[in-house]
Structures are given as C-alpha cells and as structure tokens.
Amino acid sequence: MDETERIELEYAYGPALLPEDSWSGDGMWRYLALLPTSHNILYPLAVGGTPLVAPLQLRQHTGLPGLWLKDETRSPTGSNKDRATALILEHALHHGIHTISCASTGNVALSLALGAAACGLEAVIFVPANVLDTKLHYMQMANATIFKVKGGYEAAVRLSREAARTFGWYDRNTGYNPLTLEAKKTVAFEIWDQLGRLVPDAVVVPVGDGVTLNGIAKGFRELMLCGATTRVPRIIGVQAEHCQPLKGAWEGKTIPLAHSGATIADGIAVSVPINGAMALRDVSESGGGFVAVSDEEILQAITLLAAAGGILAEPAGAAALAGARVALAQGLIQEQETLVVLVTGSGFKTPQYLHPQQYRPIYEVSADIDEVKRVRLKHI
C-alpha cells in the first residue's frame, strides 16, 4: 500500500451481525461480528462502552435540548485512541507480534505505551519535538521507547513508517493501519445502541487526520447496510482556526494541501490529513459540513464542559462542543435536533488549560461550623 491508498474492510452485512440484547457495558467487543478479530479476546484492558450523557445545564446553556455528549475521556488512557490500540494489540497478541510502533502528538502514543505495557509487548513511539511534557512523562512511566523528532508531526509519521519497514515492527499509525478505522467505527454502534437503537440527526467530530470522522461514518453506514436504520446522520467536522486544511478544501472543492499554523488543540493540528480525501467524501455523503473554531472558543468550551457538563476535556477534546455552537450559528444544525458531540480526550493530560473564566472564591476557615455558617450568610 502506498501513501495514498487506503483499505476499508467489508463484511457480509445483515441483521445477524448486530447484538440482539439491549445496551450493556460490554465495551467495544460487543460488536465482534463486525470486527476483524476472533472471539477469544486477549487484550486485558476494558475499552469502549463509554457513556452517552445529556447534562441538563449544558443543554440549557447551549440552547440545544437534544444535545448528547459521547464521553471518550472514560477510556483507559482518557482518549478515543484506546479503541484502535486495543484492536491492533489484540491482533498482535494473536499473531506473535512483539514490537508495535506509531507516531503521535500525544494521545495515540500514550495509548500504545500503556496498552503495550499491559500486554507485555514493546512500544516504539515517535513524537514531535514539541510534545507536551505531561504526555511524555506518562509514556515514560509505561517504559516505552521514545524518539523525539525534529520537523513536526508529519516528519514523525514519515520516520516512524520508515522505521517500521526497516526493523519489521507492526505499524499502528492512524490511517495507514486499517484496524484503526475498524475500531473507531464502534463509537457509532454505541451511539445507536445508547440512543435506543436510533440514529441522531447529526454528529459533531473533531478532525485532525480524519480517521475518527471516517470511523464514525463507516459505523453508521454499516448499521444501514445491516438493516438497523435507513439513514446516516449528518457529520460535522471541526478543525482549529489556525489549522483547517479540510475546511479549506471543503469550501474550495480541492484536495487538502498543507496549512500551517499554531493551535492549542495539538490533537487536531494536522496540516496534511492522512485520510483527508476520505473525510471529505464522508462529510459530503452525509450531507454535513466543516467548521473552524478559534483557540478562545475552545478554551470557552473546556470551561463550559467542566462547569455545566461535569467533563474535564483537553483542547482537541473540547473542540467539537465549540464547533457545535458555530454549526448552530451557521445553520448546519437546528436547535431541536438530536445532536451527539464527541468529547475525545481528557483534560488531565493538559492541566495548563484547565482555568475557569470566573473563579469562585475559596474560603479558609477553622474546623468550626459557626465559621461556615457566617460565610454562608455573608457570601453564599
């Protein structure tokens, strides 16, 4: 497979491939009949089955009464990357593969490092030289082999792929390994299951390389092919204002080209999306669109998710909520529609962005209930 070819797996679609029982917390392996793996699961960590939540305050604040959050921060390493890691390491365990490699801005790397550690396998990770120290330290805790690459994310991807070919490692890289797409489609299956086997009107997804968006689209297509629904939801892709090659390509109807620029949302800061053409296809076929959000809008979404949704998200993880508000303003979604926003990553890895816009004061008191009473009477 060259750098432009992509593999999409197909199945003998039909109702029998979907689980008969109602939603349960079995994780992503609940959909084994639509995954390219055996029924003898060896991967030791619990992956998938993340909650679909509808915080009332968040619905009221956004003016979206049909808003749902798919909370992928509940995954083992706090991001949706754990699904792809699980399927890839499951494959490795069944085929005697010992060393798995990848390139990442942080979340994929951490997911592979900890997942491989749990399996007794070796992880070799290539990260951009400017990777956040917090994420780097987590990878070191899992005893991964780490290479910091000068030249940014695209350079790290190129080097990691060359190293995998040279040394015979199993390449986990998002987009190039077709199992990453297969694993990520389980998010769509879960949304359908958790909504009472219904398809939402729209799904809002943060977009870097495009594979998460492709997985969501493929999952809903497969539900339709299995006879579970007659339609797919509109897919809204969200990019950062200073790195929006897909939104630009969408508006210009051209193939995505490099688009440089800095953003705090490093997880979606991809100037040349690996699955760009597929992302454009999937959004077009769904009747959706692309929006871009500023760093300030992302920071506001981080605060809103915490204060009104009870979820601590990293910048890329909060981008979809910021994008939903932009999509509403632009008419891509309507107020009364059923809308699912994907929260892809935990804010515990990026504590520097967890700053409320308005602080409540902290009251220091002695261990005396009367002091608490006085504070409440005066201030609360």
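**Figure 1. Strand 8 and its bridge partners in the sheet.** Within strand 8, Gly 237 is the bridge partner of Val 205. Gly 237 also stands opposite Phe 290 of strand 9. Helices (H or I, at least four residues) and strands (E, at least two) are DSSP runs, numbered from the N terminus. This is a predicted model, in which local features need pLDDT of at least 70 and side-chain atom pairs count only at pLDDT 80 or more, whereas totals for chains, interfaces and linings use all residues. Residues are numbered from 1 along each chain as its sequence is written, and side-chain values use heavy atoms, with hydrogens and water left out. Strand 7 and strand 8 run parallel and are joined by five bridges; strand 8 and strand 9 likewise run parallel, with five bridges between them.

Figure 2. The strands form an open sheet in the order 1-2-10-7-8-9, with mixed pairing. Because strand 1 (52-53) and strand 9 stand at the edges with a single partner strand each, one side of each is left without a neighbour in the sheet. Two strands are taken to pair if DSSP finds at least two bridges between them. Strands of a sheet pair through backbone hydrogen bonds, either parallel or antiparallel.

**Figure 3. Burial of strand 8.** Seven of the seven residues of strand 8 are buried, so the strand is largely enclosed by the rest of the structure. Buried means under 20% relative accessible area, exposed over 50%, and partly exposed in between (1.4 Å probe, protein chains only). Both faces of strand 8 are covered, with Arg 234, Ile 236, Val 238 and Ala 240 buried on one side and Ile 235, Gly 237 and Gln 239 buried on the other.

**Figure 4. Helices 8 and 10 against the sheet.** Helix 8 lies across strand 7, strand 8, strand 9 and strand 10, and runs at about 155° to strand 7. Helix 10 lies across strand 8 and strand 9, at about 115° to strand 9. Axes are lines fitted to C-alpha atoms, for helices over the stretch in contact, and angles run from 0 to 180 degrees between N-to-C directions. In helix 10 (residues 276-286), the buried residues are Gly 276, Met 278, Ala 279, Leu 280, Asp 282, Val 283 and Ser 286. These buried residues pack against helix 6 (178-184), helix 8 (211-225), strand 8 (234-240), helix 9 (245-252) and strand 9 (289-293), where contact means heavy atoms within 4.5 Å. Gly 287, which follows helix 10, has a positive phi, near 80°.

**Figure 5. The largest nonpolar core.** This core has 35 residues, and those with the most contacts inside it are Leu 58, Val 204, Leu 305, Leu 321, Leu 339 and Val 341. The elements giving two or more residues to this core are strand 2 (67-71), strand 7 (202-206), strand 8, strand 9, helix 11 (295-309), helix 12 (315-329) and strand 10 (339-343). Helix 12 gives the most, with nine residues. A nonpolar core is a set of buried Ala, Val, Leu, Ile, Met, Phe, Trp, Tyr and Cys residues joined through side-chain atoms within 4.5 Å. Not counting residues up to four places away in sequence, Leu 321 touches Leu 58, Thr 62, Leu 67, Ala 301, Leu 304, Leu 305 and Val 341. Another core, of 33 residues, lies apart from the largest one and includes Met 28, Val 108, Ala 109 and Ile 125.

**Figure 6. Aromatic pairs.** Rings of Phe, Tyr and Trp (its six-membered ring) pair if their centres lie within 6.5 Å; planes under 30 degrees apart count as stacked, over 60 as edge-to-face and the rest as tilted. By this rule there are five aromatic pairs. Phe 126 and Phe 147 form a stacked pair, 5.0 Å centre to centre with 15° between the planes. This pair links distant parts of the chain, as Phe 126 lies in strand 4 (residues 122-128) and Phe 147 in strand 5 (residues 145-149), 21 residues apart. Phe 126 is buried at 3% relative accessibility, whereas Phe 147 is partly exposed at 38%. Phe 167 and Trp 169 are also stacked, 4.9 Å centre to centre with 25° between the planes. Phe 167 belongs to helix 5 (residues 153-167) and is exposed, with a relative accessible area of 56%; Trp 169 is partly exposed at 21%.

**Figure 7. Surroundings of Thr 99.** Thr 99 lies in strand 3 (residues 99-103) and is buried at 13% relative accessibility. Not counting residues up to four places away in sequence, Thr 99 touches Glu 122, Val 124, Trp 169 and Tyr 170. Thr 99 and Phe 167 are 68 residues apart in sequence and 9.6 Å apart in space, C-alpha to C-alpha.
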